[in-house]
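Please show me a structure that is new to me, and guide me through the reading of its main features.

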Amino acid sequence: MKLQKQLSIALQQGDRFKAAQITAEIKALKYEEERNKAREQVSAKMIVDKMSKEDRSKTLSFLNKIPVFADALEDCSIGLLEQLKKSDPTIDIPMILDDVKTIQKASERIRHLVDSIGDYEFSETFGDMCDRVKLVVDNEFSRVEAKMRRKNTKIVTL
């Protein structure tokens with residue numbers, strides 16, 4: 001509350017520099033508050049420790065895959081939008097745009113969880129794994145599409 005009042009005063013006085021500093025402080029506090037909330041929630045470890053070995057293995061596999069697939073889905077949706085805009089800068093497809101925005105928001109939340117671990121090496125490894133997974137998926141699609149072209153089969157799109 002105190003910072004909000006200081007921000008209001010700085011804006012009224014036209015002190016943009018001070019307003020920017022206070023805004024940055026507010027954002028930092030909100031970010032820290034979100035990190036603390038995430039820590040207060042039940043950890044996945046507490047849940048999986050109670051599972052059978054097989055269930056724990058499957059659960060951890062899903063927990064590891066979700067952030068990677070979220071990253072790949074976000075990358076793909078952004079690529080689609082860029083390609084459509086390249087073709088026609090005035091294009092407006094609300095259904096696709098809404099889905100892309102939803103994907104981006106979900107991916108952002110998941111990425112925030114990965115970043116909240118606070119381990120640079122982990123984040124770097126995660127990014128590398130995401131890149132490798134996307135490459136494997138791209139290669140598989142290219143292989144199937146090439147095979148279909150050789151057979152003169154129509155490539156099906158949704």
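The dialogue below concerns a predicted model.

Q: How many helices and strands does the protein have?
A: One begins with the list of secondary-structure elements. In this predicted model, there are six helices and zero strands. Read from the N terminus, the order is α-α-α-α-α-α.

Q: What radius of gyration does the protein have, and what would a compact globule have?
A: The radius of gyration is read against the value for a compact globule with 158 residues, which would be near 15 Å. The protein has 22 Å. Along the principal axes, its C-alpha atoms fill a box of roughly 70 × 55 × 30 Å.

Q: Which residues make up the largest nonpolar core?
A: One looks for buried nonpolar residues joined through their side chains. In this case the largest such core has six residues: Leu3, Leu7, Ala10, Ala19, Ile22 and Ile26. Helices α1 (2–12) and α2 (16–40) each supply at least two residues of this core. Beyond residues up to four places away in sequence, Leu3 touches Ile22, Glu25, Ile26 and Leu29.

Q: How many positive and negative side chains are there, and how far apart do the centres of the two sets lie?
A: One counts each set and then compares the centres. The protein has 29 positive and 27 negative side chains, and the two centres lie 2 Å apart.

Note on methods
Residues are numbered from 1 along each chain as its sequence is written. This is a predicted model: local features need pLDDT of at least 70, side-chain atom pairs count only at pLDDT 80 or more; totals for chains, interfaces and linings use all residues. Side-chain values use heavy atoms; hydrogens and water are left out. Helices (H or I, at least four residues) and strands (E, at least two) are DSSP runs, numbered from the N terminus. The radius of gyration is taken over C-alpha atoms; the globule rule is 2.2 Å times the number of residues to the power 0.38. Lys and Arg count as positive and Asp and Glu as negative; His and the chain ends are not counted. The place of a charge is taken as NZ of Lys, CZ of Arg, CG of Asp or CD of Glu. A nonpolar core is a set of buried Ala, Val, Leu, Ile, Met, Phe, Trp, Tyr and Cys residues joined through side-chain atoms within 4.5 Å. Buried means under 20% relative accessible area, exposed over 50%, partly exposed in between (1.4 Å probe, protein chains only). Contact means heavy atoms within 4.5 Å.
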